[in-house]
Amino acid sequence: MRFARPGLLVALCALLSAGARAEDVASGAVTRPATKTNRWAEDWSGLADPARRTQAFDDLKYIPLFAADPKSYLSLGLTLRERVESNRMPAFGIGGPRGDSYLLQRLQIHLDARLNENWQIFAQLEDVRAPGKRVITSVDENILDLRLAFLSYRAAGEDGTVKARVGRQDFAFDLQRFVSSRDGPNVRQSFDALWADWESGPWRVLGFVSQPVQYRFAEPFDDISTRAFRFSTLRVERKVLGDQELSAYWGLYERDGARFLDAAGTETRHVLDIRYAGSAGRFDWDVEAMGQFGRVGRDGIAAWAAGSRVGYTLADLPWQPRLGLQGDAASGDGRRDDGVLGTFNPLFPNGYYFTLAGYTSYANLLHLKPSLTVHPTTGLAVSAALGLQWRQTVSDAIYVQPSNPVPGTAGRGHPWSGAYGQLRADYVFAPGLTGAVEAVRFSAGDTIRRAGGKDGTYLGVELRTAW
């Protein structure tokens with residue numbers, strides 16, 4: 001069964017969002033929380049005052065549990081994302097369809113139960129479809145399943161704030177280069193996990209043990225997580241020099257039956273990551289580096305990656321242009337059959353970090369991307385970028401997202417992989433209603449062409465609404 005009229009839901013949520021914006025303007029004060037990507041982070045206790053429940057269905061956003069405690073309530077909500085994509089030459093047309101056009105539809109419905117200011121129970125169901133897509137994978141469809149279900153605790157004291165969650169949840173670090181909730185593809189990534197966090201002043205320490213959810217799309221409620229795939233992390237963060245961020249973490253990535261071009265078997269991969277981000281005046285930056293070591297089967301691991309985004313905003317000019325420069329590098333396997341795997345594992349990357357087209361993966365990569373972003377009007381951001389790509393070593397393959405080698409490229413050709421142009425526009429129509437358009441044209445290098453590949457062209461149009 002497919003949803004026949006998703007447009008009705010979009011229209012309904014658009015009316016609700018527009019009404020909320022009008023009410024905020026009329027009252028002179030914002031009384032409603034902003035909808036967030038992680039819906040469990042929203043706080044609707046402000047609607048405890050019946051006078052603030054001015055929009056349609058506000059009685060479903062705040063359902064009191066205990067009259068004496070305004071922090072005790074139930075809240076219902078939904079998120080709907082519709083994206084139309086046309087991708088000519090996905091994966092450069094090698095080993096798959098030469099072109100595809102389809103709809104990506106993601107519908108999520110949630111219940112948020114706040115028992116008091118300390119305890120929370122959150123559950124979210126989702127139904128994710130890809131009508132018209134020729135090749136369906138686990139990141140494209142997830143037919144009616146449980147995406148999130150966790151119990152959360154939070155307590156603030158003189159020594160800091162303690163937080164904990166147990167159950168199915170999601171994680172996202174920083175720019176989501178390597179650990180993300182995977183919002184770019186149609187199916188987001190969840191983890192069955194135990195998570196804990198302590199925050200005090202400029203310090204934050206968190207850790208979790210998890211089994212990443214493995215998605216199936218044949219039947220409802222068939223997603224699983226097992227000990228065959230595990231991910232654990234211990235992370236320390238500190239504010240330095242004001243609001244600048246310095247963080248480091250250790251992670252352990254374990255997977256049975258892993259397969260790489262030069263290694264196969266049980267993967268036990270330790271990761272060490274450090275990041276520094278902040279802004280000063282008109283400058284902003286985000287710099288991150290990761291090293292990986294361990295084993296895949298009988299072979300050792302020695303891999304690394306680094307990424308940076310820096311920018312300069314001309315705040316006194318019309319449209320406030322931001323000049324940006326992104327640089328990324330990730331190791332490849334420099335020598336076959338030497339007992340050491342050098343191919344970097346991007347872990348749980350977000351497709352948004354490079355482009356939605358999927359032509360670029362964080363493995364065996366050198367990447368340089370200058371960009372320009374402007375804001376012609378309130379709520380509108382338009383960006384243009386040029387990406388240049390090389391392989392870190394010609395001994396390894398060219399990779400596409402998430403980490404798939406392009407057949408016929410390993411050990412052949414030249415370092416140059418190709419170049420792409422990207423145009424993207426994001427617009428906020430109203431609180432809870434956003435749209436985006438992205439176009440990418442990838443000019444394939446000679447190595448890809450000799451392997452039978454062609455230039456790639458991608459166009460995506462998205463509308464997202466949340467209530």
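Helices (H or I, at least four residues) and strands (E, at least two) are taken as DSSP runs and numbered from the N terminus. The model is predicted, so local features need pLDDT of at least 70 and side-chain atom pairs count only at pLDDT 80 or more, while totals for chains, interfaces and linings use all residues. Residues are numbered from 1 along each chain as its sequence is written, and side-chain values use heavy atoms, with hydrogens and water left out.

**Backbone features**

Asn364 lies in the loop between strand 15 and strand 16. Its phi is near 45°, a positive value in a residue other than glycine. Asn364 is buried, with a relative accessible area of 3%; buried means under 20% relative accessible area, exposed over 50%, and partly exposed in between (1.4 Å probe, protein chains only). Arg182, also not a glycine, has a positive phi of about 55°. Arg182 is placed in the loop between strand 6 (160–169) and strand 7 (191–200) and is buried at 15% relative accessible area. A cis peptide bond joins Gln401 and Pro402, with omega about -5°. Pro402 belongs to the loop between strand 18 (399–400) and strand 19 (404–405).

**Aromatic rings**

The structure holds 30 aromatic pairs. Rings of Phe, Tyr and Trp (its six-membered ring) pair if their centres lie within 6.5 Å; planes under 30 degrees apart count as stacked, over 60 as edge-to-face and the rest as tilted. The pair of Tyr62 and Tyr73 is stacked, because the ring centres are 4.9 Å apart and the planes are at 25°. Tyr62 lies in the loop between helix 2 (58–61) and strand 1 (63–64) and Tyr73 in strand 2 (residues 73–88), so the pair ties together parts that are 11 residues apart in sequence. Both Tyr62 and Tyr73 are buried.

The rings of Phe344 and Tyr362 have their centres 6.3 Å apart and their planes at 55°, so this pair is tilted. Phe344 lies in the loop between strand 15 (340–341) and strand 16 (365–374), and Tyr362 in the loop between strand 15 and strand 16, so the pair ties together parts that are 18 residues apart in sequence. Phe344 is buried at 0% relative accessibility, and Tyr362 is buried with a relative accessible area of 2%.

One aromatic cluster is formed by Phe171, Phe173, Phe191, Phe208, Phe229, Phe231, Tyr249, Tyr253 and Phe348. Arg235 lies over the face of Phe173, at 4.6 Å from the ring centre. A charge sits over a ring if NZ of Lys or CZ of Arg is within 6 Å of the ring centre and within 35 degrees of the ring normal. In another case, the charged end of Lys61 sits over the ring of Trp467, 4.8 Å from its centre.

**Salt bridges**

A search of the whole structure finds 39 salt bridges, each a side-chain nitrogen of Lys or Arg within 4 Å of a carboxyl oxygen of Asp or Glu. The table lists some of them.

| Salt bridge | N to O distance |
|---|---|
| Glu462 and Arg81 | 4.0 Å |
| Arg204 and Asp197 | 2.5 Å |
| Lys239 and Glu245 | 3.6 Å |

The salt bridge between Glu462 and Arg81 links distant parts of the chain: Glu462 is in strand 22 (residues 456–466) and Arg81 in strand 2, 381 residues apart. Both Glu462 and Arg81 are buried. Arg204 is partly exposed at 25% relative accessibility, whereas Asp197 is buried with a relative accessible area of 3%. Lys239 is partly exposed at 34%, and Glu245 is partly exposed at 32%.

**Contacts of two serines**

Ser86 is in strand 2 and is partly exposed at 31% relative accessibility. Not counting residues up to four places away in sequence, Ser86 touches Asp100, Ser101, Thr457, Tyr458 and Leu459; contact means heavy atoms within 4.5 Å. The C-alpha atoms of Ser86 and Thr457 are separated by 8.0 Å, although the residues are 371 apart along the chain.

Ser72 is in the loop between strand 1 and strand 2 and is buried, with a relative accessible area of 0%. Leaving aside neighbours within four places in sequence, Ser72 is in contact with Tyr62, Pro64, Leu65, Phe66, Arg114 and Leu115.
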